[in-house]
Amino acid sequence: MKILVPVKRVIDYNVKPRVKADGSGVDLANVKMSMNPFDEIAVEEAIRIKEAGKAEEIVAVSVGPAKAQETLRTALAMGADRAILVETDDEVEPLAVAKILKAIAEEETPGIVMLGKQAIDDDSNQTGQMLAALMGRPQGTFANTVEVDGDSVTVKREVDGGLETVKLTLPAIVTTDLRLNEPRYASLPNIMKAKKKPLDTKSPSDYGVDTAPRLKTTNVSEPPVRQAGEKVEDVDALVAKIKALGIA
Ligand code: AMP
């Protein structure tokens, strides 16, 4: 079985995003970019399935600018076998990504497409679901546990207040949640080896996909600034304050 892992290059999760002065979006100039954290979890899970002898090949794919090569090299250094960069400087929306992934999945015929549950830049949480719908495949979203067994995969899903277990017939789409695993760090020797692993470069038009945006961002704004707290002398003063506010 082959596993296809889509990885997105996004603003690093440690960076505090700055909104552009004209409110048209987030300022990405000179900002550290990294692999979307949920996609690192997807790469890790694919590697674990391969290490368990249940997959033979892991193919990482990214849709984005030339620099997304770095993200793919990270996936290769972690343990993916080869990579495909679908190069575009356009901002690509989830529907276009899903259409490109569908075309790649039709060529590559993976048993599982393992995506992150959401990209932390646009927080869409749509691509995996759209891909499953476009391909008519079963989907296990928000995976907390993934177990491949023969021609099926059992996914424990994180739902409000607990876990839901679903069994999907392969080929299937899985999206990863935070608690699925802890991704490994790539070792230096593996980073060196990753430089020699194959990386194909394509364009959206190779897959017949028009990436023109369907959505227009009308405004992006900073969250309201939090009011400073107040220190009180003792518990009695705290209780008096709360009473004065009419909370207790
Ligand atoms: P989203 O629907 O944008 O929140 O993204 C969900 C998941 O889809 C991500 O965690 C990635 O696995 C995948 N994905 C989204 N955009 C891209 C992209 N440009 N390139 C590769 N994978 C992507």
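So, Arg82 and Glu108 are both buried, and by buried I mean under 20% relative accessible area, with exposed being over 50% and partly exposed in between, using a 1.4 Å probe and protein chains only. Keep in mind that this is a predicted model, where local features need pLDDT of at least 70, side-chain atom pairs count only at pLDDT 80 or more, and totals for chains, interfaces and linings use all residues. Residues are numbered from 1 along each chain as its sequence is written, and side-chain values use heavy atoms, with hydrogens and water left out.

Okay, what do Arg82 and Glu108 do together? They form a salt bridge, with the closest N and O atoms 2.6 Å apart. A salt bridge here is a side-chain nitrogen of Lys or Arg within 4 Å of a carboxyl oxygen of Asp or Glu. This pair links distant parts of the chain, with Arg82 in strand 5 and Glu108 in helix 3 (residues 94-108), 26 residues apart. Helices (H or I, at least four residues) and strands (E, at least two) are DSSP runs, numbered from the N terminus.

Arg82 has another partner: its side chain meets that of Glu57 in a salt bridge at 2.8 Å, N to O. Here too distant parts are linked, since Glu57 sits in strand 4 (residues 57-64) and Arg82 in strand 5 (residues 82-87), 25 residues apart. Glu57 is partly exposed, at a relative accessible area of 21%.

Over to Lys241, which has a salt bridge with Glu230, the closest N and O atoms being 2.8 Å apart. Lys241 lies in helix 6 (residues 235-245) and Glu230 in the loop between strand 11 (199-202) and helix 6, so the pair ties together parts eleven residues apart in sequence. Lys241 is partly exposed at 39% relative accessible area, while Glu230 counts as exposed because its relative accessibility is 59%. Back with Arg82, salt bridges that share partners join Lys2, Glu57, Arg82 and Glu108 into one network. How many salt bridges does the count come to? That would be 16.

On a 1 Å grid over the protein atoms alone, a cavity is a set of points where a 1.4 Å probe fits but cannot get out; a pocket is an open set with protein on both sides within 12 Å along at least five of seven lines, and lining residues have an atom within 4 Å of a point. The count is one cavity of 30 Å³ or more, and the largest cavity holds about 60 Å³. Its lining includes Glu93, Lys99, Asp210 and Arg214, and by class that lining has three nonpolar, one polar and four charged residues.

The second largest pocket has a volume of about 660 Å³. Which residues lie nearest its centre? Tyr13, Met35, Glu40, Pro183 and Tyr185, out of 24 lining residues. Strand 3 (33-35), helix 1 (37-51) and helix 2 (68-78) are the elements giving two or more residues to that lining.

Last stop, helix 4 (residues 127-135), where you'll find Leu131. Buried or exposed? Leu131 counts as buried, because its relative accessibility is 0%. The C-alpha atoms of Leu131 and Thr169 are separated by 16 Å, and the two residues are 38 apart along the chain.

Conventions:
Grid points are joined across faces, edges and corners, and a volume is the space filled by probe spheres set on the points. Ala, Val, Leu, Ile, Met, Phe, Trp, Tyr, Cys and Pro count as nonpolar, Asp, Glu, Lys and Arg as charged, and the others, Gly among them, as polar.
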